[in-house]
Amino acid sequence: MENVLEVKGLTKLYKNGRGIRDISFEVSKGEIFGFLGPNGAGKTTTMKIITGLCRADKGEVKILGFNVFEQYEKAMGKVGCIIETSDSYEYISAYKNLELSSRYYHDIEKSRIDEVLKLVGLHKFKNEKVGNFSLGMKQRLGLASAILSNPELVILDEPANGLDIEGMVDIRNIIKELARKEKITFFISSHLIHEMEITCTRVGIINHGELIKGGFVNDLIDSYTSLENYFMSQVRESRGEEN
Amino acid sequence: MNVLYANTINETQKLFLKKKTIALLVITAIIPIALTVILSIFQNNIGIIPVNGNQFSIFVLGLFTNYVLPLLITMSAVDMFSGEFNDRTMKAVLLRPISRFKIYSSKVICIGVYIVVNLTILFIVSSISGLFLQGHGSLISGLLHGFVAYAISVVPMIGIGIAAAFISQLFKSSSGALVVAIIIYIALSVISRFFPGLSRSLLTSYSDWYLFWIGSSIMIGKILNAFIVILSYCMILFAAGFYLFDKKEL
């Protein structure tokens, strides 16, 4: 199957010794790939390097065949992302925020902005300033901005952050719907294991900056009953403990 | 749409959608009017004519290019760089399919647009205000001189804008960047007053280079010299600012 994202030997170490070491994985077209790990495991660092916000000490990232470090504009042309938190301008409206985002891409009609606002349930608030939005609404707007350009790959770092239960369910359904209907590939990071289990098709487990293992969610559930059991067994194994 | 053009439009819209920007533009327009009122009082009550009506726009330009505009330009540059890193909205641009060079360039172009808008408002308001003062001389000649002076003042002000953009890269906090930029500007202005020999090589000494253009004879040698100094500063500070911007990690 065609790889949308290829990460090879990604390494970045901070002065405090933390960071990521030799991370390699691929995400195929149409997958919802989950990057699962505890807080501080290196999920956000990996995503920041993939999207060009940070530089790697070593390694290579290719999106749709383009090297992110050398062909950034081409690599990011069909990518939408939320890294850490949604990043909208608070002093302008939700609609205006999306209008600004739309200018970086070709052929985004005004109707597409309304379409994505409806999709994330913000259409009736489209003329309100983002500064008045709740954290959950900002996160929804971030998702709308990420999918605005009809991307082939959407990278979401902790998309459930700040969302209530209803919000989490909505975002999960939107992700699954987009993956199913529009064949958008998702690369999602989270520490919420249950959320990953019911959203993702495949997961990779990251701990202390290293990608331990991973696999297809259905296979892992068949073998370990739940993703939580698999996660704990892999973390113990990586520490050299017996299961 | 070309992404450099797209981001220039976006940066300009973002800047002019801020209440602070509009408020400062209104203040820019009010200052010449307030000065006209004060000078009229002098003319009518004391009989002193401190500034002729046809020279008023040039007088206002001197005041703005030396003191007010550098402050406004620095504030907008700091907002565009340190401010956006501070409130984490820089990611909204960095995560789009646009290179960092184009982001940096479009922000500098936006500072240029801001300078042109400021000077245009100032020229219109000060030219009209000047009509209410005594001592007009030739209206056409006054307007023409004023227009040339305002148009040519864009050049050193862009130099100040590029310098402010560079200083913004050195600080994470926007208030820190603003304070240091102001201190540097004051220090350079003081140095150029007390050490005239040094002033020829300082960017801040060329804020009033429009004087070379509107005298009885145009001073080609001085203009060329000033232009080369300003251009050199622009190139060096743009390259240094972009280098630091490109190295920034979020």
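## Model confidence

The structure is a predicted model. For the complex, the predictor gives an ipTM of 0.90 together with a pTM of 0.92. Chain A has a mean pLDDT of 90, with 98% of its residues at 70 or more. In chain B the average pLDDT is 91, and 98% of the residues score at least 70.

Within chain A, confidence can also be given by element. Helix 3 of chain A (residues 94-102) has the highest mean pLDDT among the elements of that chain, at 96. The lowest, 83, belongs to helix 9 of chain A (residues 227-239).

## Domains of chain A

Chain A is divided into two parts: domain 1 comprises 1-78 + 152-243, and domain 2 comprises 85-150. A distance of 24 Å separates the C-alpha centres of domain 1 of chain A and domain 2 of chain A. To their contact, domain 1 of chain A brings 12 residues and domain 2 of chain A brings 10 residues.

On the side of domain 1 of chain A that touches domain 2 of chain A, at least two residues each come from strand 7 (153-157) and helix 6 (165-181) of chain A. Helix 6 of chain A gives the most to this side, supplying 5 residues. By class, the residues on this side of domain 1 of chain A are 7 nonpolar, 3 polar and 2 charged.

## Helix 3 of chain B and its partners

Helix 3 of chain B (residues 56-86) packs against helix 6 of chain B (residues 139-152) at an angle of about 15°, and their axes are 9 Å apart. Angles under 35 degrees count as roughly parallel, and helix 3 and helix 6 of chain B are therefore roughly parallel to each other. Their crossing is left-handed. Helix 3 of chain B contributes Ser57(B), Ile58(B) and Leu61(B), which meet His145(B), Gly146(B), Ala149(B) and Tyr150(B) of helix 6 of chain B. This contact between helix 3 and helix 6 of chain B has 4 nonpolar and 3 polar residues, and no charged residues.

Helix 3 of chain B also packs with helix 8 of chain B (residues 174-194): the axes come within 8 Å and cross at roughly 150°. That angle makes helix 3 of chain B roughly antiparallel to helix 8 of chain B. The crossing of helix 3 and helix 8 of chain B is right-handed. From helix 3 of chain B, the contact is made by Pro70(B), Leu71(B), Thr74(B), Met75(B), Val78(B), Asp79(B), Ser82(B), Gly83(B) and Asn86(B). Helix 8 of chain B supplies Ser174(B), Ala177(B), Leu178(B), Ala181(B), Ile182(B) and Tyr185(B). By class, the contact of helix 3 with helix 8 of chain B holds 9 nonpolar, 5 polar and 1 charged residues.

## Helix 2 and helix 5 of chain B

Helix 2 of chain B (residues 19-46) and helix 5 of chain B (residues 100-130) pack with their axes 9 Å apart, at an angle of about 20°. This makes helix 2 of chain B roughly parallel to helix 5 of chain B. The two helices, helix 2 and helix 5 of chain B, have a right-handed crossing.

In helix 2 of chain B, the residues in contact are Leu25(B), Thr28(B), Ala29(B), Pro32(B), Ile33(B) and Thr36(B). They meet Asn118(B), Ile121(B), Leu122(B), Val125(B), Ser126(B) and Ser129(B) in helix 5 of chain B. The contact of helix 2 with helix 5 of chain B divides into 7 nonpolar and 5 polar residues, with no charged residues.

Key
Residues numbered from 1 in each chain as written. Chains lettered and ligands numbered in written order. Predicted model: local features only at pLDDT ≥ 70, side-chain atom pairs only at ≥ 80, totals over all residues. Axes fitted to C-alpha atoms, helices over the stretch in contact; angles between N-to-C directions. Helix = DSSP H or I, 4+ residues; strand = E, 2+ residues; numbered from the N terminus. Parallel < 35°, antiparallel > 145°, perpendicular 65-115°, else oblique. Left-handed = near helix turned anticlockwise from the far one by under 90°. Contact = placed C-beta atoms within 7 Å. Nonpolar A, V, L, I, M, F, W, Y, C, P; charged D, E, K, R; others polar. Domains from an automatic or database assignment. pLDDT = per-residue confidence, 0-100.
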